Amino acid sequence: MDTEGLRSFVRAAELGQLRHVAVESGVTQQAVSKRVAALERELGVRLFTRTARGVELTLDGQAFLPHARGIVTGADRAVTAVRPGSRALRIDVLGLRSAQAVVLHDYWRSRPGTNLDVVTLRVDDPRLAAAAVEAGDVDASFRSVTDPTGLPPGVRMIHAFDSPLELLVGPRHPLAAARELTPERLRGHRIWVPGIAPRSEWAEFYDQLTTAFDLRIDAAGPNFGNEVLQDTLADSDAVATLVGARDRYTWPTSHDLRRIPIVGPTLAYPLSLLPPGTNPHPGLRAVVDHLGGLPALPGPVWRPSWAPAPR
């Protein structure tokens, strides 16, 4: 069914004059009349009665009008949904409690009314996220492709920000009273990071971290979620884990968990942004500028070898 014919019908019903519809649409009155006539032939009914004053809806026209108006509205919304600059900026993050989501929330709060759609693609392999950017499924993704040759030709990778790591422990852990820790003080302690996905960027991050500081990273067992991990930490005098300083975590006050900064050097998880190489969403520039304005980490910082250079 021709949407222009439907649009002409709806506006004629609202204005009562084909001539007014023609002026509004920038076409001749004859063109509008032909569109309405073609619609009537397709439906097999008369939609208007022509009068000296213009047009009036028939009973069939009255019955058809709300449905036609809904189709026109839906078509307009469909076009808006894919038109750059008018649809929401769609950005993939690892999780809605992740540092990326926190930073995007700060950006949105500084620009009330920004049309932003934060999604999680639920993929571990960053190359799949890059492919989603190339395909236009998302406008950008907070992922790092550790081998630049794995990037699709239509996708770039830029440094977003560094997320410093903290040690998360329960009150019975021997390091629980520390105000800050060096990486050397973590040696020999079991650092439990369950469910590290093979081929993921964080798998390569922990491989390099383990080698660089001789740490004991235990990835055994499936990841049953933050609540189960926190319950384990609260009851243990031997298990710790690593979390990002900006990541949001909540737990019962009875757990008395401690987040302890790691310094000398700071262990930084490098967060990158994958935008398209050409024709990015117009709203993406402001997000990139916001990321560029985030403060750099103080003091010595350790990053994995594949981390993009900070801008």
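**Surface and overall form**

I looked up the accessible surface first: the protein chain exposes about 15,900 Å², of which carbon and sulfur atoms supply 52% (Shrake-Rupley method, 1.4 Å probe; for residues, only the protein chains shown count as cover). I note that this is a predicted model, in which local features need pLDDT of at least 70 and side-chain atom pairs count only at pLDDT 80 or more, while totals for chains, interfaces and linings use all residues. Residues are numbered from 1 along each chain as its sequence is written, and side-chain values use heavy atoms, with hydrogens and water left out.

I find nine helices and twelve strands in the protein chain (DSSP runs numbered from the N terminus, H or I of at least four residues for helices and E of at least two for strands). The radius of gyration is 29 Å, well over the 19 Å that the globule rule gives for 311 residues, so the chain is more spread out than a compact globule (the radius is taken over C-alpha atoms, and the rule is 2.2 Å times the number of residues to the power 0.38). Along its principal axes the C-alpha trace spans about 90 × 40 × 35 Å.

Of the 311 residues, 43% count as buried (buried is under 20% relative accessible area, exposed over 50%, partly exposed in between, with a 1.4 Å probe and protein chains only). Among contacts with a separation of 6 or more, 73% come from residues 24 or more positions apart (contact means heavy atoms within 4.5 Å).

**Strand pairing**

I traced strand S1 (residues 48-51) and strand S2 (residues 54-57), which pair in the antiparallel sense over four bridges (two strands pair if DSSP finds at least two bridges between them). A hairpin through two residues joins S1 to S2, and Arg 50 stands opposite Val 55 in S2.

I then followed an open sheet of three strands, with the order S4-S3-S5 and parallel pairing. Its edge strands, S4 (116-119) and S5 (140-141), each pair on one side only. Strand S3 (residues 89-92) meets S5 over two bridges in the parallel sense, with Asp 92 opposite Ser 141 in S5.

**Cores**

I looked up the largest nonpolar core, which has 45 residues, those with the most contacts inside it being Ile 91, Phe 142, Leu 167, Leu 209 and Leu 273 (a core is a set of buried Ala, Val, Leu, Ile, Met, Phe, Trp, Tyr and Cys residues joined through side-chain atoms within 4.5 Å). S6 gives the most to this core, with six residues. A second, separate core of 17 residues includes Phe 9, Val 55, Phe 64 and Leu 65.

**Two residues**

I placed Asp 162 in strand S6 (residues 158-169), where Asp 162 is buried at a relative accessible area of 8%. Its side chain makes polar contacts with the side chains of His 159 at 3.1 Å and Arg 303 at 2.7 Å (a pair of N or O atoms within 3.5 Å; within protein, one must be able to donate a hydrogen and the other to accept it, and residues adjacent in sequence count only if both atoms are side-chain atoms). Beyond four places in sequence, Asp 162 touches residues including Arg 246, Tyr 269 and Pro 310.

Leu 96 lies in the loop between S3 and H5 and is exposed, with a relative accessible area of 57%. Leaving aside neighbours within four places in sequence, Leu 96 is in contact with Ala 101, Val 118, Thr 120 and Arg 248.
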